[in-house]
Every structure is written in structure tokens, then in C-alpha cells.
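Hello,

Here is the structure I said I would pass on. My notes on the side-chain contacts follow it.

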Amino acid sequence: MIIGEHRDQVIKNIADHAQKGLFNEKVEIDDPQTSSEESMAIVNQFWQNQNHWRARFDNLIARTTMRGITDWFNLNTTFCGLENLKSLKPTQGAVITSNHFNQLDNTVIRKLAQKNHRRLFIVIQETNLKMDGLIGFLMNHLDVLPLTKNVGYLGRTLPKKLEQQVQKGHWVLIYPEQEMWFNYRKPRPVKRGAYYYAAKANVPIISCFTEIIDQPKPEKNNDEFYQTKYRLHVLPLIWPDSKLSVNENAKMMMEKDYAQKKAAYEAAYQKKLSYDFEPHDIAGWRG
């Protein structure tokens, strides 16, 4: 399913950004923008709402709805490398990293969490909380940890919120590529944040890479694309080293995760990773 308009322009933006090495920048053309003050106000309001008496009820409705969406969206999704999770204790929390290419690609990770009977929290940009309709309801009432660029929030509040969840044995999904690049097959260079939070909380990284497989049928809502399905590769866990500092662990885990994703890409598509743009980079694209 193709979500969003102006896909041709977005693909052009991806090609331009890849050429310039701007792998963690926005490429969507209709994403909302907020000032730093508005961004912080949105996040504060979100956390305040969690104390309301309806919060638990709304969360249950949102999680039930999202489970149905997850099951439907992943009817044809397959999973490889599940044996890599065997060393993770049932009560052990973790940070999950994966490539970010679709508004609903988090459902692939949700399906993995369901298979392992885990509750999944997702770190999201605060602008998602401003969405309307069903998506807006889900963003505001699912298990999410909103993100803002406020230094104090990133350095104190968010790590504390994240640690509270992983200490309960929950998983937290963080997209280290930051921005979504529509149907982009390649793993992009990752940013340090996810690994810093994992190291600070002393939990492993569940390293994942989602392979996107073209299908012969065109999309029902956009004949410029073929339908696609997914294969999630669960890669070896990356554990923090007790002999290293938080910053040293963050660097080590970041480098190892990117290397694993790169190797998974090359094995899945049988080609060396190069950031020279080509039509194959956009899954399902008939252009």
C-alpha cells in the first residue's frame, strides 16, 4: 500500500539527498514543522495526558486496533534469524533498531514483538502527535516515547522514560536513520542516539534489517508501483561491554549495528552496498 502523495518528488529528493550524503534528512514534502517552543509544549502535553483517568482505556483501544492493523499489514511477512533472540531472557528489555522506509514499517517490528510476547514502545517524532483522525488517535495513545530536539529532554527525560520501560522487560524501537525514506531499500548511515540510550540503560540492541521484495501485481491505489512484501532479518544481538564507558559502548554498538545491516543488505540483494542512486533503490517503483 502506497501512503502519501507526490511520490515522484519524494523519490527525486531521495536521489538528491543520497548524492549529497544527507542520509538522515527529511525527504517528504508535506511533513509538519514546529518551533522548539511548540515542540516542547506538544511533548509536555502528551506526558500530562498520560496521567488522565482515560489514558489506560485509550491505550488498550489503540493497542487492540494496532494489533489488527499489524496482522493485516504483515500477512505475507516472513522472519529470518529468530534464533538470535534465544540468549535474551524473558524479562530482559532491549532497544530495537531497523531501517525506516514506510509509515507502517513499525508493524513489522510489532509482529516480531508479538511473536516473542513482548510489549513494544516506539520513539516517535513529536510532530506525529499533531496528526488527525485514526492515525492521530493511535499516535497519542499507543505505547510511544515522543522525541524533541530540546537538549534537556534528550539528555534527562527521554533516557529516564526509556529506562523505565526496558527495566520492565519491554522493547523500545528507535529508528537510528531518523527520517523515513519512502521504500528505500538500502540501510543508511545511523546516528548515535539509539546506541547511547541502550548503553546508558545497559540493554542489548536487537539489530534488524527489513528486506523489501517486489511482487508481480501493481498497487491498487498507485499503478506506478508494484506491490511489495517484507522479510525481516533478525541479526545477532549487540551487547554493551561492561569494560567500556557509555560513550565507548555507544560508538562500538553503532558501528557494529551498521556493519550488520550493511552485510544483511548485501546478502539479501546479492549486491555491494553503494549509495549511487539507481531505480532499484526504491522498492516496487516501476519508473
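**Side-chain contacts in the predicted model**

Lys262 is partly exposed, with a relative accessible area of 29%. Its partner in a salt bridge is Glu266, at 3.0 Å from N to O. Glu266 is buried, at 17% relative accessible area. Both residues belong to helix 8 and are four residues apart, about one turn of the helix. Please keep in mind that this is a predicted model.

Salt bridges

The count is 16 salt bridges. One of them joins Glu179 and Lys26, with an N to O distance of 3.4 Å. Glu179 lies in the loop between strand 5 (171-173) and helix 7 (193-201), and Lys26 in the loop between helix 1 and helix 2, so this pair ties together parts 153 residues apart in sequence. Glu179 is buried, with a relative accessible area of 12%, while Lys26 is partly exposed at 26%.

Arg185 and Asp214 form another salt bridge, at 2.7 Å from N to O. Arg185 is in the loop between strand 5 and helix 7 and Asp214 is in strand 6 (residues 205-218), 29 residues apart. Arg185 counts as buried at 4% relative accessibility; Asp214 is partly exposed at 34%.

Aromatic pairs

There are 11 aromatic pairs. In one, the ring centres of Phe23 and Tyr275 are 4.4 Å apart and the planes are at 50°, so the pair is tilted. Phe23 sits in the loop between helix 1 (7-20) and helix 2 (36-49) and Tyr275 in the segment after helix 8 (246-269), so the contact ties together parts 252 residues apart in sequence. Phe23 is buried at 10% relative accessibility, and Tyr275 is buried at 19%. Phe23 and Tyr275 also belong to a cluster that ring pairs form with Trp181 and Tyr184.

A further pair is Phe73 and Tyr230, whose ring centres are 5.8 Å apart with planes at 35°, so this pair is tilted. Phe73 is in helix 3 (residues 55-73) and Tyr230 in strand 7 (residues 226-234), 157 residues apart. Phe73 counts as buried at 12% relative accessibility, as does Tyr230 at 6%.

Charges over rings

The charged end of Arg7 sits over the ring of Phe182, 4.8 Å from the ring centre. Likewise, the charged end of Arg286 sits over the ring of Tyr226, 4.6 Å from the ring centre.

Annotation

An unreviewed UniProt entry lists residues 94-210 as "domain: Phospholipid/glycerol acyltransferase". Over that range the chain is 38% helix and 20% strand, with the end C-alpha atoms 18 Å apart.

Regards

Note on methods
Residues numbered from 1 in each chain as written. Predicted model: local features only at pLDDT ≥ 70, side-chain atom pairs only at ≥ 80, totals over all residues. Heavy atoms only, no water. UniProt positions renumbered as here; feature names shortened; annotations may be inferred. Helix = DSSP H or I, 4+ residues; strand = E, 2+ residues; numbered from the N terminus. Phe/Tyr/Trp six-rings, centres within 6.5 Å; stacked < 30°, edge-to-face > 60°. Buried < 20%, exposed > 50% of the residue type's maximum accessible area, 1.4 Å probe, protein only. Lys NZ or Arg CZ within 6 Å of the ring centre and 35° of its normal. Salt bridge = Lys/Arg side-chain N within 4 Å of Asp/Glu carboxyl O.
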